[in-house]
Amino acid sequence: MNGVHKELSYLSEASIVPTLKRTFTVMRKQRGYKTSNSCSFLPQHPEPNAKMALLLLLVTLTACAASPQDLSGQTFTFPEKTNTTSVRLSASTQSFTALTVCLRFITDLSRSHSLFSLATPNAANAFQIRNDPGVAMVDVFVNNRVVRFRGLTYMPNRWHAICSAWDGDSGLVKLWLDGESTVSKFVAGTNITEPVIILGQDQDSLGGHFDKQQSFIGMLSDVHMWDYALSTCEIQNYVDDLNFTPGNVLNWRALEFETTGRVLLEDKILACQ
């Protein structure tokens, strides 16, 4: 907010509110939010004593700019191979002893690519789902240790659902592709803390060091994350888009995110009416 205060120091009373509105729009674009002003509290004309209301407006402006978005019916589109384009997600929880991640994707890639990348200060691959359709395999990383799920094939250019769960108590990692479960595998791991979550790239260091050969090209949607391991029935409800409990760490219906590079937020149209 330092830039906001600097700009406001030169304003007259009549120009305070219009500048607040303009700054608010820029902040939302930078954070990856829609540019429409969802904060109806901003008046159309300045109050006679506008400077007295300035502090309240600044506080509320910050709260609005950080408000999550409902992305129901929408998708992130990654249209090109780069080492910069990404989406960074804000997690509501900073420490996990278990977790589940579910998302939907569509791609025609045949090389290895990252679908979900969670890094911590201690592990670049604290939790990652990496797909390698060329060898019909999905890798799941937990605290830099990898387990491989083989024999997983799917049609390119079709929407698919993938979920993975890790339980720190048992050490079991599970994977579901389009609702079909795989064998459970073991990986020892400690708590996952201070996560940085990226879509579209594979973090080789915390928040960066991307390799375009592992970048995702396609569309990602319906990203949810829970701080516990879901049951098979709960996974099936997600896959079938039934009445499932949204993620309590990441919720596609209330998502806070930032985009970098050429990432498009589009409507997810499955069929014409």
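The model is predicted, so local features need pLDDT of at least 70 and side-chain atom pairs count only at pLDDT 80 or more, while totals for chains, interfaces and linings use all residues. Residues are numbered from 1 along each chain as its sequence is written, and side-chain values use heavy atoms, without hydrogens or water.

The largest nonpolar core holds 44 residues. A nonpolar core is a set of buried Ala, Val, Leu, Ile, Met, Phe, Trp, Tyr and Cys residues joined through side-chain atoms within 4.5 Å. Buried means under 20% relative accessible area, exposed over 50%, and partly exposed in between (1.4 Å probe, protein chains only). Phe-76, Phe-116, Phe-127 and Met-225 touch the most other members of this core. Residues touched by Met-225 include Phe-96, Phe-116, Ile-197 and Leu-250, with neighbours up to four places away in sequence not counted; contact means heavy atoms within 4.5 Å. A second, separate core has 11 residues, among them Cys-163 and Trp-176.

The largest pocket has a volume of about 210 Å³. On a 1 Å grid over the protein atoms alone, a pocket is an open set of points where a 1.4 Å probe fits, with protein on both sides within 12 Å along at least five of seven lines; lining residues have an atom within 4 Å of a point. Grid points are joined across faces, edges and corners, and the volume is the space filled by probe spheres set on them. Of the 13 lining residues, Gly-73, Arg-104, Asp-222, Asp-241 and Lys-268 are the closest to the pocket centre. Strand 15 (residues 218-226) gives the most to the lining, with 3 residues. Strands are DSSP runs (E, at least two residues), as are helices (H or I, at least four), numbered from the N terminus.

The structure holds 6 aromatic pairs. Rings of Phe, Tyr and Trp (its six-membered ring) pair if their centres lie within 6.5 Å; planes under 30 degrees apart count as stacked, over 60 as edge-to-face and the rest as tilted. The ring centres of Phe-76 and Trp-252 lie 5.4 Å apart with planes at 85°, so this pair is edge-to-face. Phe-76 lies in strand 1 (residues 74-78) and Trp-252 in the loop between helix 4 (232-239) and strand 16 (257-260), so the pair ties together parts 176 residues apart in sequence. Both Phe-76 and Trp-252 are buried. Phe-78 and Phe-216 form another edge-to-face pair, at 5.8 Å centre to centre and 80° between the planes.
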